[in-house]
Amino acid sequence: MSENNPILNSPYGPPKFHYRTLPDGTLDYQNIDKGRRIFDPDINAPIPVRTGIQGQMFISEQVANAENHIINILRREIAIWRAENYPNVTRVSRELLKYWFENEQREITKNLFFAQREAVETAVWLNEVAVKSNVGQSMLNRLHTACQVGEDDTFNLPRVAFKMATGTGKTVVMAMLILYHYFNRQEYRSDTRFADYFLLVAPGITIRDRLGVLYVDSQTINPQEIQDYYHQRGLIPFHLRESAEGLNARIVITNYHSFELRNLQGNKRSPFDGKVGVDGKMQEAKENPSLMLKRVLGNFKRGSRLLILNDEAHHCYLPKGKSSREDKSEDERAAVWINGIATISQHFKICIVYDMSATPYYLTGSGYEPGTLFPWVVSDFGLIEAIEAGLVKIPFLPESDNTHALEMPKLRNLYEHVKDKLPKKGKNTEVLSGDPEIPPLVKQAFDQFYSHYKTDYELYEQNELLFKTPPVFIVVCNNTNVSSELYRYIAGYEIYDEEGNFVTTKQGIASLFSNYDSYGKAYNKPRTLLIDSYALENSDQVDDQFKKVFAHEIEVFKKDYRIMNPGKSVENLTDADILREVVNTVGKPGKLGAGIRCVVSVSMLTEGWDANTVTHVMGLRAFGSQLLCEQVAGRALRRQSYHLVNYDKDDNILPEGTDKRKISTQKFPPEYAQIIGIPFKLFKGGGAVPPPPPLDYKHIKALKERADLEITFPNLTGYRIEIEEAEIKADFSKIPPYEIDGSRYPTKTIMASAFLPNEAELTLEQIAERREQELVYAITRQLINHYYRDDEGNRFFHKFKRLKDIVHYWLKHKTKCIGDAFPNMLFYEPAEKVCRHIQSGIEAEQQRHERIMPVFNHYNKFGSTIYVHGNTIKKVYPTKKSHINFVVADTNSWEQIAAKTLEEMDEVTTYVKNSFLGFEIPYVDAYGGDKMYVPDFIAKVKIPSGGIANLVIEITGFNKEKEHKVNYVINRWLPAVNNVREKYDYDEWHFIEIANDIRDIKNELRNKIKTIQPVKNKKELKA
């Protein structure tokens, strides 16, 4: 490790190194230890432990005791289970785990962090594997005990918590957990381990709206613009994409406020409602719990299995003891949340409650020891590990100053030095009508910090292509009066006379943050935003002028809103909704908050705000715990760039294109956040290594002025065989039997306990007793679903009788039972695998009568260059003949040579490189898995007959599975798309591979084009 580079580990693998942790919880950057840091609930807690006299012995004892913590035990067990290739789980679970975490074909930009992998693996292991071992049962018992929080059993919910630092991807983990349960439930409907429905609960509207990415986006046609995380992060295996379409009907996303019983309206009101009761109080008719459940959970079937996901779950606990006035609101929130879930548990079967939080600790006033970890936390990837893996920015804090402050520099704990000089909440409000009165130390602190910010801003101006939005400076205040004063000081304000008439404006102290220019004129779009509860509720800043200036961004927001909130009217949006959207989209290009440079807030930005352009945070409020320090600082810690950088063995950055043998590791380069006013004790200050030079991003897009060069292409998900003869036949003579392997799956299991002599026997008796005809009918239906339907999805049920006879013959003569297996175990086999084996016999007999037909994407039959847009750091080649502005190069020269050749050739009318295009060709690999092959180019070429043809061009070679890819391109994809070209009125398609030698590309292309004759399908040949 180099002396200055603080990033120790790759984000995609288990941590290999860690900074030594001192007894007081701080980190010793001078000493790097091998292996992963042992999780210790005291040392790793937000509130550090005290340093004892015998520090080294103390830390050793702590580590020894921590070895038996449930998190450390689970880490060891899951590492073994992972290495053994995930035994003892369902086929669906293993498929998902392998697809997510061990998929060589996954795009590097969609790789999942180890923090995400560990959380998902822990959930699966506890749900499916733990019960099958003594260690696992011990863990389950410990969790069961940990969840016994109240005398009333309705509050003793089955909870499991995942501790994941801000920026490590909690929302993606939630998406994977939903898919894990959903796809297993689709396959094993009676398995009670998997949920029927999903309820996601957030602490507020901001986070609730952000979780809209967990609805499947079924409305967006362009795959590049799909909003949901399932598609954006590549979480759904190809063969399961269709079944994911029903997921939205099983998800409800809400905030805990919806659990409050509301006043009844209309004819539901009681006749006594609004009248004074015998106790002298006004009577109100409220919902009963049943009505609340109907409102929140809609059409969810009562008694069904429900999975609950709590986001920022440290707000969800059962309060005990009396709260102080300061903590009362937090306890009231927790009570509403936990009572709502308890009520739900009385009407639904709660499979599990997954708690997601960066800080799953009990808060001050909860009745528990503040800062104590929830006892049901099962995995931890905390802030320190996130920093060591480069997943978040490195926080920089004040280390020392030239004052006489002894404990820590004044800017580290700014509020403590000025709190008596700040406006109090609800008092001295007359001061707000005059000039802002800011304590001198706050002014000095702001000036120092602002000067540092300007350095980052100048970098932004120099590299605007890289940073699409400016760096953001946020100030977190303790009350609305303080925030209003500081906002006026920073951003400027309007001055009125005693009668309320406008007089003039005053420019803010910070020119980059001022909302007024030096002449007193307001900028078209504000640079600084004041956001607090008052502004949010009253929407003071959302006036007609604001709506006029941000008209385009508001329309974009409304479009996104329709996608994220199906069934809700965009016309019902309030001004508060729009203001909230400004906050949510700070740092996001093209959105309402894109131009915001400074945000002045009141205690709002502690969670759920995911802007990644924040570079400076200034705290001007009390921080009663290290937990709150981490929450507020976390707003600045999200990375901007997730581009891996190559390092040599001495941890020096290697340039792009370096010989792979010189690369020792790939890591994220460090990014930094500057923080003052937040009294962290977790980190030491220090110097920073300068970040690597900004990457030169190029925007790849379709050019409107070249619309005549558009290329469209069929978007297939598979193929089907259309038999021309009336009778379907099969020939299985050259096809090996289908093996039903009893050695892989147990048909009998003995259940025993170490504490009882009794034994229980689990068998497959129930499935064995099902009739043979039932199996034949089930396989036949699946065969029709997979292979006998038209491109509109209409199934050919008139072929059922003949196909049933073939399936019956296959079952009798072409299946082989190994060990204790029996035929009815085919009910467990993957339907597509069984059908593919049967269909191979049908194809062997009737190849001369068949037509390969396409199975189009249900929602998007055709793709187009119109939808291409994205950013790349790869080399590019400018175009003239293409609808797209650049060709993206995956190699040093081959794509550029190909593009230059296509530009020069008269035979080529237009072409496109397959980058951000979404052109894929379905094929089946050697193991029977559904895959997608991505060719390099598409070109439209003039053929000898005088017509136009589409030519798919492979330049860089197939890398892996060439034989299978070529076979499916030539014998499946090309015949399929050409067989329906007249129906959809497009030009015919052809294919050429130019690999190994790029030098003769022009001649190879010309020779191919000369040989292209108009394709005739079989109907044309007969005519």
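Me: Which residues of S19 point one way, which point the other way, and are they buried or exposed?
Reply: From S19, Tyr672, Gln674 and Ile676 point one way, while Ala673 and Ile675 point the other way. All of these residues are buried, a term for under 20% relative accessible area, with exposed meaning over 50% and partly exposed in between (1.4 Å probe, protein chains only). Strands (E, at least two residues) and helices (H or I, at least four) are DSSP runs, numbered from the N terminus. This is a predicted model, in which local features need pLDDT of at least 70 and side-chain atom pairs count only at pLDDT 80 or more, whereas totals for chains, interfaces and linings use all residues. Residues are numbered from 1 along each chain as its sequence is written, and side-chain values use heavy atoms, with hydrogens and water left out.

Me: What makes S9 and S15 partners of S19?
Reply: Two strands pair if DSSP finds at least two bridges between them. Strand S9 (residues 394–396) is joined to S19 by 3 bridges, and strand S15 (residues 614–620) is likewise joined to S19 by 3 bridges. Phenylalanine 396 has glutamine 674 of S19 as its bridge partner, whereas valine 617 has isoleucine 675 of S19.

Me: Why are S9 and S13 said to stand at the edges?
Reply: The open sheet has 6 strands in the order S9-S19-S15-S10-S14-S13, with parallel pairing. S9 and strand S13 (528–531) each have a single partner strand, so one side of each lacks a neighbour in the sheet. From one strand to the next, the twist averages 20°. At the S13 end, S13 pairs with strand S14 (residues 598–602) in the parallel sense over 4 bridges, and isoleucine 531 has serine 601 of S14 as its bridge partner. Helix H13 (residues 440–462) lies across strand S10 (472–477), S15 and S19, at about 175° to S15.

Me: How do you know that leucine 97 is buried?
Reply: Its relative accessibility is 1%, and leucine 97 therefore counts as buried. Leucine 97 is found in helix H3 (residues 91–101). Leaving aside residues up to four places away in sequence, it touches Trp81, Tyr86, Glu102, Val120, Glu121 and Val124, where contact means heavy atoms within 4.5 Å.

Me: Why is H3 called roughly antiparallel to H4?
Reply: The axes of H3 and H4 come within 12 Å and cross at roughly 170°. That makes the two helices H3 and H4 roughly antiparallel, since angles over 145 degrees count as such, under 35 as roughly parallel, 65 to 115 as roughly perpendicular and the rest as oblique. Ser93, Leu97, Trp100 and Phe101 in H3 meet Arg117, Val120, Glu121, Val124 and Glu128 in H4.

Me: What makes S32 and S37 the edge strands of their sheet?
Reply: This open sheet has 4 strands in the order S32-S35-S36-S37, with mixed pairing. Strand S32 (908–913) and strand S37 (989–993) each pair on one side only. S37 pairs with strand S36 (residues 948–954) in the parallel sense over 5 bridges, and glutamate 954 has glutamate 993 in S37 as its bridge partner. Helix H25 (residues 962–979) lies across S36 and S37, at about 160° to S37. Helix H27 (residues 1001–1011) lies across strand S35 (937–942), S36 and S37, at about 150° to S37.

Me: Where is confidence lowest, and where is it highest?
Reply: pLDDT is the predictor's confidence in each residue, from 0 to 100. Its mean is lowest in helix H28 (residues 1018–1022), at 45, and highest in helix H4 (residues 114–129), at 97. For the protein, the mean pLDDT is 81, and 80% of the residues reach 70 or more. Over residues 684–689, pLDDT stays under 50, and the model has 16 contacts beyond four places in sequence for them.

Methods: Axes are lines fitted to C-alpha atoms, for helices over the stretch in contact, and angles run from 0 to 180 degrees between N-to-C directions.
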